[in-house]
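Trainee: Could we take a close look at one part of this model together? I'd like to follow a single helix and what surrounds it.

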Amino acid sequence: MTGSWDPADVRPGTTAGICEDDDELRGVLRRALEAEGLTVRATASGTEAVRSFSQRPPDLLVLDIGLPDADGRDVCQALRARGVSSPVLFLTARDAVTDRISGFSAGGDDYLTKPFAVGELLARVKALIRRTPAGDPPAGAAPRVRLDPAAHAVAFGSESQALTPTEFRLLAALAGRPGTVLRRTELIAAAWPDGALVHDNTLDAYIARIRRKLRLVGAPEAVETHRGVGYVLR
């Protein structure tokens, strides 16, 4: 595979981020991507990935779902909430349709099941890079509230409040698209397993809990209701 890409496949200076806790696999991924001309930054935990890649977003992120300190899907949502729009390729040992759907709902762009051929990974990386506009790497927004995927918490300043997994996914979906009204169906897809039966009052109750926790940390953001449509974070 080395040297197999042409200039249309990878632009000079293109960067890739890796978050994979397995030392051997992380090394394989780094060497394969570097051999194709990418500049690689590698991390081994969700906490490290959020800190590193939100400060300097890569052009592409290869993200393991089964991390030791956090679910990779929560890491992706936390990065999206910080304004990071880099395409994400999830790696996972789980291949059920519901797992793949949850990965896309969390903001992922592609999904590769372990074990995989390095050639297939490179082909998927190439396709994602081609879809990314040329120019500077996507910039992470300076967040006001912070989402911690390892602690499942929301923080503002020195204050922090624990979130349930569902609350975390709902708030991350809203924070990932601030100012945009998300339909109830979008929020349900982001926060609950595919096919789950979620009543309107259940979603409303979770939103009420999120509002309370945002107030408790003194966050300036507020979740507004758009009746008959959904919710927006402002």
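Which residues of H8 are buried?

Mentor: Happy to walk through that with you. First, a word on the ground rules: this is a predicted model, in which local features need pLDDT of at least 70 and side-chain atom pairs count only at pLDDT 80 or more, while totals for chains, interfaces and linings use all residues. Residues are numbered from 1 along each chain as its sequence is written, and side-chain values use heavy atoms, with hydrogens and water left out.

The buried residues of H8 are Leu 203, Tyr 206, Ile 207, Ile 210, Lys 213 and Leu 214; buried here means under 20% relative accessible area, exposed over 50%, and partly exposed in between, with a 1.4 Å probe and protein chains only. They cover an arc of only 120° around the axis, so they sit on the same side of H8; the arc is that of the directions from the helix axis to the C-beta atoms. On the face turned away from this buried side, H8 carries the exposed residues Asn 201 and Arg 215.

Helix H8 itself covers residues 200-216. Helices (H or I, at least four residues) and strands (E, at least two) are DSSP runs, numbered from the N terminus. The 17 residues of H8 should span 24 Å at 1.5 Å a residue, and its end C-alpha atoms are 25 Å apart, which agrees; the expected span is 1.5 Å times one less than the number of residues. Just after H8, Gly 218 takes a positive phi of about 75°.

Now for what lies over the buried side. The cover of the buried residues of H8 includes strand E7 (153-156), strand E8 (159-162), H6, helix H7 (184-191), E10 and E11. Contact means heavy atoms within 4.5 Å.

Two of those strands belong to an open sheet of three strands, in the order E9-E11-E10 with antiparallel pairing. Two strands pair if DSSP finds at least two bridges between them. Strand E9 (182-183) and strand E10 (223-226) are the edge strands, each pairing on one side only. E10 is joined by four bridges to the antiparallel strand E11 (residues 230-233), and His 226 stands opposite Gly 230 in E11. Helix H6 (residues 165-176) also packs on this sheet, touching E9, E10 and E11, with its direction at about 65° to that of E11. H8 lies across E10 and E11, running at about 150° to E10. For these angles, axes are lines fitted to C-alpha atoms, for helices over the stretch in contact, and angles run from 0 to 180 degrees between N-to-C directions.

Leu 214 touches Val 145, Val 154, Leu 171, Ala 219, Glu 221, Val 223 and Leu 233, not counting residues up to four places away in sequence. Leu 63, Leu 147 and Leu 214 touch the most other members of the largest nonpolar core, which has 46 residues. Such a core is a set of buried Ala, Val, Leu, Ile, Met, Phe, Trp, Tyr and Cys residues joined through side-chain atoms within 4.5 Å. Among the elements that each supply at least two residues of this core are H6, H7, H8 and E11, and H6 gives the largest share, seven residues.
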